[in-house]
Amino acid sequence: MNIFHRIADLRQALKSHRADDKRIALVPTMGNLHDGHLALTQIAKAHADIVVVSIFVNPTQFGVGEDFDSYPRTLDADVAKLTQAGVDMVFAPSVDEMYPVYPPNVQVLSGEITKILCGKSRPTHFDGVGLVVGKLFNIVQPDVAVFGKKDYQQLAIIRQLNDELNFGIQIIGADIVRADDGLALSSRNQYLTDDERAVAPVLSQTLQDLAAAVQSATLAEYDTLIESAKATLSRAGFVVDYLHIYNHKLQTPDASDTELVLLVAAWLGKARLLDNLEISVNR
């Protein structure tokens, strides 16, 4: 496996594969890789000849007071895992390489979709995501890119970015990978203490219980169900950022919507945990 730290070197290496009509996949990450990330690489391998994994802790998506400086950086361990997973290339640039001008003069504003859910408490986050993903799409020029559905809002924004800026990339959303007790895998899970880790699966279980309740509920009853679920999480020790029921366009559902998604973000100690659950309902 080849590791690249400079954009020019990666582009040169990809040029020969592109000349041979090789199909190229990109898996963007911030490193500190776990089994969820590795599952993305296997999906990428199934859809492409060459898999590039980027490892870059992107400063533009962190707000003031967030964990940019403390975010775990484990490049050697990540490279070992990716080598074993059969990845072809790792792109691990420095901040200076990705942002020769910092703060950057150019912005990617991701629109109305950034004003809900995580965007309310992290107002600049998704513009930073849009910027770095746009840069990675330009650098790698992949045929396909794979993202996890755990960051459901992020995936929707990236699909919008791809469509509206005409990248023409096949975007694949990969199902959430979970621990045996149901907790969605995340690099931030390591912020949990042992006691908090024991409580953390309540988040996914609450979504499961809410999904069951929604099946027999009317639209008018959704708010009551949400408040009950929030209360369950609060009793368990979570501080709920949001809990919503939306359609797959991240809009408030109406009677015609049968494909829904339950989305939650909640703090447990120092860890901000995300989860979601896609469901089909019978009207």
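This is a predicted model: local features need pLDDT of at least 70, side-chain atom pairs count only at pLDDT 80 or more; totals for chains, interfaces and linings use all residues.

Me: How far does helix α1 reach from its first C-alpha to its last?

Reply: Helices are DSSP runs of H or I with at least four residues, strands are runs of E with at least two, and both are numbered from the N terminus. Helix α1 covers residues 7-19, 13 residues in total. The expected span is 1.5 Å times one less than the number of residues. For α1 that expectation is 18 Å, and the reach is close to it, at 18 Å.

Me: Which residues of α1 are buried, and why do they line one face?

Reply: Buried means under 20% relative accessible area, exposed over 50%, and partly exposed in between, with a 1.4 Å probe and protein chains only. Seen down the axis of α1, the buried residues fall within an arc of 135 degrees (taken from the directions from the helix axis to the C-beta atoms), so they line one face. An α-helix has 3.6 residues a turn, so residues three or four places apart point the same way. The buried residues of α1 are I7, L10, A13 and L14.

Me: Which exposed residues does the face of α1 turned away from the buried side carry?

Reply: The buried side of α1 packs against several elements, including β1 (2-4) and α6 (125-140), where contact means heavy atoms within 4.5 Å. The face turned away from that side carries the exposed residues K15 and A19.

Me: How many residues apart in sequence are the parts tied together by the pair of F56 and Y99?

Reply: Rings of Phe, Tyr and Trp (its six-membered ring) pair if their centres lie within 6.5 Å; planes under 30 degrees apart count as stacked, over 60 as edge-to-face and the rest as tilted. F56 and Y99 form a tilted pair, 6.2 Å centre to centre with 40 degrees between the planes. F56 lies in the loop between β3 and α3 (75-85) and Y99 in the loop between α4 and α5 (118-121), so the pair ties together parts whose separation in sequence is 43 residues.

Note on methods: Residues are numbered from 1 along each chain as its sequence is written. Side-chain values use heavy atoms; hydrogens and water are left out.
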